[in-house]
Amino acid sequence: MSQAVAQVLRRNQYTVDVVGDGEFGLDCAMAPVYDAVVMDIMLPRRDGISILKAMREEGIKTPVLLLTARSRLDDKITGLDSGADDYLAKPFEMGELMARLRALCRRSGQMETDFLLRFADLTYDPQALMLSTAYHAFRLTRKEGQLMELLLQNRSAISSPGAIIEKLWGYDSDTEDGHVQVYISFLRKKLHQLHARAEIKTVRGVGYVLEEKGEG
């Protein structure tokens with residue numbers, strides 16, 4: 001079933017990673033690279049409820065849709081009280097799953113209410129791929145835009161090359177760290193041309209973080 005769901009999501013332009021056990025699932029869920037998680041309760045090695053609790057205890061706010069055969073009311077209450085954002089019982093219609101997932105992504109706290117992302121004097125419009133300051137603007141390429149969005153959404157945390165590759169190219173990609181460096185360079189040039197107060201700092205051996213000039 002997981003492969004069938006993944007196939008439908010990919011057809012609808014989602015980037016999908018399929019994880020087969022709870023321990024690996026928890027590791028993936030802790031990474032700040034996902035817009036949403038669709039998770040079964042019954043998983044080998046670690047169950048979905050304990051993954052959910054661990055995520056919320058660590059402050060991971062990624063929206064979670066529980067997808068499970070457990071349809072009793074008390075099971076739903078347990079899932080929602082553990083931090084789930086929505087609950088869909090098997091069997092289900094793919095159309096309903098897609099609608100619920102779109103609703104979760106719209107409600108996600110990762111996205112500002114006007115769909116614009118801001119930091120220092122920067123404003124980024126993900127829909128138009130437009131990066132701007134008060135006096136200048138650039139339209140980014142799709143990959144540049146995805147990277148800019150990731151850095152803006154996680155501006156208080158360091159984004160490792162591995163996390164960036166998973167988000168932009170997918171978990172199964174053979175993309176190398178050098179590709180990330182190239183796109184970081186592209187964005188740095190645009191920030192310089194915009195005379196932005198924001199800059200992308202390299203934390204050697206760890207990754208990249210967006211900072212305001214003069215900080216730290």
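**View 1. Strands β4 and β5 form an antiparallel pair joined by three bridges.** In this predicted model, L117 has its bridge partner in β5, namely Y124. The hairpin of β4 and β5 has two residues between the strands, and A120 takes a positive phi near 50° there. Strand β5, which covers residues 122–125, has a covered face made of L122 and Y124, whereas T123 and D125 make up its uncovered face.

**View 2. Strand β5 also pairs with β6, again in the antiparallel sense and through three bridges.** Here the bridge partner of D125 is M130, which belongs to β6. Between these two strands the hairpin has four residues, and L129 in this hairpin takes a positive phi near 60°.

**View 3. Strands β6 and β7 pair over three bridges, and these strands too are antiparallel.** Strand β6 spans residues 130–132, and the bridge partner of S132 is A137 in β7. The loop between β6 and β7 holds T133. Is T133 buried or exposed? With a relative accessible area of 13%, T133 is buried, because buried means under 20%. When its neighbours within four places in sequence are left aside, T133 is in contact with D121, L122, L194 and A196.

**View 4. The four strands make an open sheet in the order β4-β5-β6-β7, with antiparallel pairing.** In general, the strands of a sheet pair through backbone hydrogen bonds. Because β4 (117–119) and β7 (137–139) stand at the edges and each has a single partner strand, one side of each is left without a neighbour in the sheet. From one strand to the next, the twist averages 15°.

**View 5. Helices α6 and α8 come within 10 Å of each other, taken between their axes, and cross at roughly 80°.** The two helices are therefore roughly perpendicular to each other. On the side of α6 the contact is made by K143, E144, L147, M148 and L151, and on the side of α8 by Y183, I184, F186, L187 and K190. From C-alpha to C-alpha, Q146 and A120 are 19 Å apart in space, and in sequence they are 26 residues apart.

**View 6. Helix α7, residues 161–168, has buried residues at P161, A163, I164, I165 and L168.** Which elements are among those that cover these buried residues of α7? The cover includes the helices α6 (142–153) and α8 (177–193), together with strand β9 (207–212). After α7 comes G170, and the phi of G170 is positive, near 105°.

**View 7. Helix α5, residues 94–107, has the end-to-end span that its number of residues leads one to expect.** At 1.5 Å a residue, the 14 residues of α5 should span 20 Å, and the C-alpha atoms at its ends are 20 Å apart, which agrees. The buried residues of α5 are L97, M98, L101, A103 and L104. An α-helix has 3.6 residues a turn, so residues three or four places apart point the same way. The elements that cover the buried residues of α5 include α1 (2–11) and the strands β1 (37–39), β2 (64–68) and β3 (86–89).

Note on methods
Residues are numbered from 1 along each chain as its sequence is written. This is a predicted model: local features need pLDDT of at least 70, side-chain atom pairs count only at pLDDT 80 or more; totals for chains, interfaces and linings use all residues. Side-chain values use heavy atoms; hydrogens and water are left out. Buried means under 20% relative accessible area, exposed over 50%, partly exposed in between (1.4 Å probe, protein chains only). Contact means heavy atoms within 4.5 Å. Axes are lines fitted to C-alpha atoms, for helices over the stretch in contact, and angles run from 0 to 180 degrees between N-to-C directions. Angles under 35 degrees count as roughly parallel, over 145 as roughly antiparallel, 65 to 115 as roughly perpendicular and the rest as oblique. Two strands pair if DSSP finds at least two bridges between them. The expected span of a helix is 1.5 Å times one less than its number of residues.
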